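Dear colleague,

I am handing over a structure that will be new to you. Please look through the sequence and the coordinates first; my findings follow below them.

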Amino acid sequence: MLTETAKTETEREVDRLSLVIEIGGTPVRVNTTDADFLGMLQDHYAGFVAESSPPEIEFEVETANAGFVSMDSDVHVTHQRGRWSLRRGDFQAEWEPASRTGSIRLSPKSHSFDSVLRIVHTLVLARQGGFLLHAASAIRNGKAFLFAGVSGAGKTTISSLAPPDADLLTDEISYVRKQHAGYVAFGTPFTGELDQAGENVSAPIAALYFLAKGDENRIDRIASAEAARALLANILFFAEDEELVQSTFHSAFEFVSRVPVMQLTFVPDARVWELIG
Amino acid sequence: MSKLYLARSPRVAARSLDGEMMIMSGRDSTLFTLNKTATILWQAADGATPLDEIVERKICPEFDVEPATALKDAETLAHELASREILQVSEEPIAPNSTPGASR
């Protein structure tokens, strides 16, 4: 029989190998026996580590080098009998939403875990009318602004030009959650070229801008149909699941009916932010 | 010549916005924007109305075209939409919510 002291030490050991990462108001607990890996996550997700939030999802994580081919393999996300299966060259994961539990076997790299986390969040958000978007985002004067575009459109540039009174939520992947009659953007640790995690704050979304570099700063309204098309092209979506595809499609139309969507043509200098906020 | 019946595939999501009909495949997330004729076919595809009746009532009044030519073009378009799993096409009326296996 364990002594009271021994029990406490055991409990401490369990606590030490657990971490809750809360992004977009969804706490995800990671349990692992790999202390080095957990330490790496602690550093990588600093600012998004929750001290006491009860988890909405709990993953048992096993790290392994053997049996994984490469990071560049295709992602396969499938749903069968209430379980999601996530597979890529460097990870295999299972997640059962009903029990809120899952398991992950992966290369002990932060970008492998980051990919699993991104996919899980796309699945969580899709059921709630939200999505992850290829977009930088920032809060200014209490309102969130999203800046979307393909690689090279200016997400990193507009992020790096943000004035001191703006809170950068992300330079790469925006977290969009439907809330009441509108949408809210949350900060994420999902980084792009700036390699700088966003602020862990949120605000109602005031506008979505599609970026275009030009020889003047100006904002043009985009027709709703074109806005929906452009939005759909920038939503992160991995699941091979008809129901989820359909709900994401309708979420995009819902978003453009509630949030102004515009094109922001800009000269790459700080004056562009005079138009925002 | 046998009649053709059209029904909307249950495996797609569809929305009309600013007069544009957009369809997304549930299978592979491909997004389609339908032209005017395809939109008419989609909207009229109730599984019960034969294609020649759709052409006569909806397409001929909209476009200055011979009924026989319009029907031939509409058949080609319907089969193209079926090949992309947007519509189901059958020589028999199609029951609501019938499986994609009923299309051809």
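**Helix packing in chain B**

In this predicted model, helix α1 (residues 36-44) of chain B and helix α3 (residues 67-83) of chain B have axes that come within 11 Å and cross at roughly 75°. Angles from 65 to 115 degrees count as roughly perpendicular, and α1(B) and α3(B) are therefore roughly perpendicular to each other.

On the α1(B) side, the residues that meet α3(B) are B:Thr37, B:Ala38 and B:Leu41. Their partners in α3(B) are B:Ala74, B:Leu77, B:Ala78 and B:Leu81. By type, the residues of this contact comprise six nonpolar, one polar and no charged.

**The side of chain A that touches chain B**

Between the two chains, 13 residues of chain A are in contact with twelve residues of chain B. On the chain A side, the elements giving two or more residues are α5 (224-234) and α6 of chain A. The greatest contribution comes from α6(A), with six residues. The chain A residues that touch chain B divide into eight nonpolar, three polar and two charged.

**Helix α6 of chain A**

Helix α6 of chain A covers residues 242-258, which is 17 residues. From its first C-alpha to its last, α6(A) reaches 25 Å, close to the 24 Å expected at 1.5 Å a residue.

Which residues of α6(A) are buried? They are A:Leu244, A:Val245, A:Gln246, A:Thr248, A:Phe249, A:Ser251, A:Ala252, A:Phe253, A:Phe255 and A:Val256.

With kind regards

Definitions and conventions:
Residues are numbered from 1 along each chain as its sequence is written. Chains are lettered from A and ligands numbered from 1 in the order in which they are written. This is a predicted model: local features need pLDDT of at least 70, side-chain atom pairs count only at pLDDT 80 or more; totals for chains, interfaces and linings use all residues. Helices (H or I, at least four residues) and strands (E, at least two) are DSSP runs, numbered from the N terminus. The expected span of a helix is 1.5 Å times one less than its number of residues. A residue is buried if 20 or more other C-beta atoms lie within 10 Å of its own, exposed if 12 or fewer, and partly exposed in between; C-beta atoms are placed from the backbone. Two residues are in contact if their C-beta atoms, placed from the backbone, lie within 7 Å. Ala, Val, Leu, Ile, Met, Phe, Trp, Tyr, Cys and Pro count as nonpolar, Asp, Glu, Lys and Arg as charged, and the others, Gly among them, as polar. Axes are lines fitted to C-alpha atoms, for helices over the stretch in contact, and angles run from 0 to 180 degrees between N-to-C directions. Angles under 35 degrees count as roughly parallel, over 145 as roughly antiparallel, 65 to 115 as roughly perpendicular and the rest as oblique.
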